[in-house]
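Hi,

Here is the structure I promised to pass on.

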Amino acid sequence: MSERAVNIMGERATNIRNKRATNNVFDAVIIVCLTLSVLACLIPFIHILAVSFSGTVPIASGKVTLLPLDFNVEAYKKVFSDAAMIRSLGFTVFLTVLFTVLCMMMTVAAGYALSKKDLKGRKIFMFIIVVTMFFSGGIIPEYILTRELHLLNTIWALILPG
């Protein structure tokens, strides 16, 4: 092997080591940023959970942080003994599942149709979908439409506008 070839191979190996070191630093920065973001999102939820399981005296004195003090489940017993609360929880779960299933069906159907290059008017449909995602008519026209369709006080008034 010539001396020039050895120099080129040495330079390439050095460049690869430098890129790896740069990538490792970049990966470390990303991991730290993501960890801080996750903690910033989770800590308030953990705090609320700790407060919900704590007694009234530590809550009133502001001593509860991330771990419950004077462990207590009386609040949960009271909430789950109320039939109206259980009914509301069931309705919320039902509404969430129904809305998710209907939205997924509509999204998959529209996505499949719009993925076809030979669909006539594809760009127009895409434009209409994107514009209505960003801009709505407002809450008053939505209410008037719901009232005119006789959907007030029905579950469909919550689902169909979405």
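**What I found**

The protein chain has an accessible surface of about 13800 Å², and 72% of that belongs to carbon and sulfur atoms (Shrake-Rupley method, 1.4 Å probe; for residues, only the protein chains shown count as cover). Bear in mind that this is a predicted model: local features need pLDDT of at least 70 and side-chain atom pairs count only at pLDDT 80 or more, while totals for chains, interfaces and linings use all residues. Residues are numbered from 1 along each chain as its sequence is written, and side-chain values use heavy atoms, with hydrogens and water left out.

On the fold: the protein chain has seven helices and zero strands, running α-α-α-α-α-α-α from the N terminus. Helices here are DSSP runs of H or I with at least four residues, strands are runs of E with at least two, and both are numbered from the N terminus. Of the 162 residues in the protein chain, 7% are buried (buried is under 20% relative accessible area, exposed over 50%, partly exposed in between; 1.4 Å probe, protein chains only). Taking contacts (heavy atoms within 4.5 Å) between residues at least 6 apart in sequence, 24% join residues at least 24 apart.

Ser54 is worth a click. It sits in the loop between helix 1 (3–52) and helix 2 (56–61), and Ser54 counts as buried because its relative accessible area is 7%. A polar atom of the Ser54 side chain lies 2.7 Å from the backbone oxygen of Ala50, and the Ser54 side chain also reaches the backbone nitrogen of Leu69 at 3.0 Å. Beyond its neighbours within four places in sequence, Ser54 is in contact with Ile59, Val64, Pro68, Leu69, Asp70 and Asn72.

Then there is a nonpolar patch on the surface, with about 1200 Å² of accessible area together; its members include Leu119, Phe125, Met126, Phe127 and Phe135. Patch residues have over 30% relative accessible area and no salt bridge, with nonpolar side chains (Val, Leu, Ile, Met, Phe, Trp, Tyr) joined within 5 Å and like charges within 9 Å; a salt bridge is a side-chain nitrogen of Lys or Arg within 4 Å of a carboxyl oxygen of Asp or Glu. Leu119 is in the loop between helix 4 (83–115) and helix 5 (122–134), and is partly exposed at 31%.

And the cysteines? Cys33 is partly exposed at 44% relative accessibility, and Cys103 is partly exposed at 25%. The count of disulfides (cysteine sulfur atoms paired within 2.5 Å) is zero.

Cheers

Note on methods:
A polar contact is a pair of N or O atoms within 3.5 Å; within protein, one must be able to donate a hydrogen and the other to accept it, and residues adjacent in sequence count only if both atoms are side-chain atoms.
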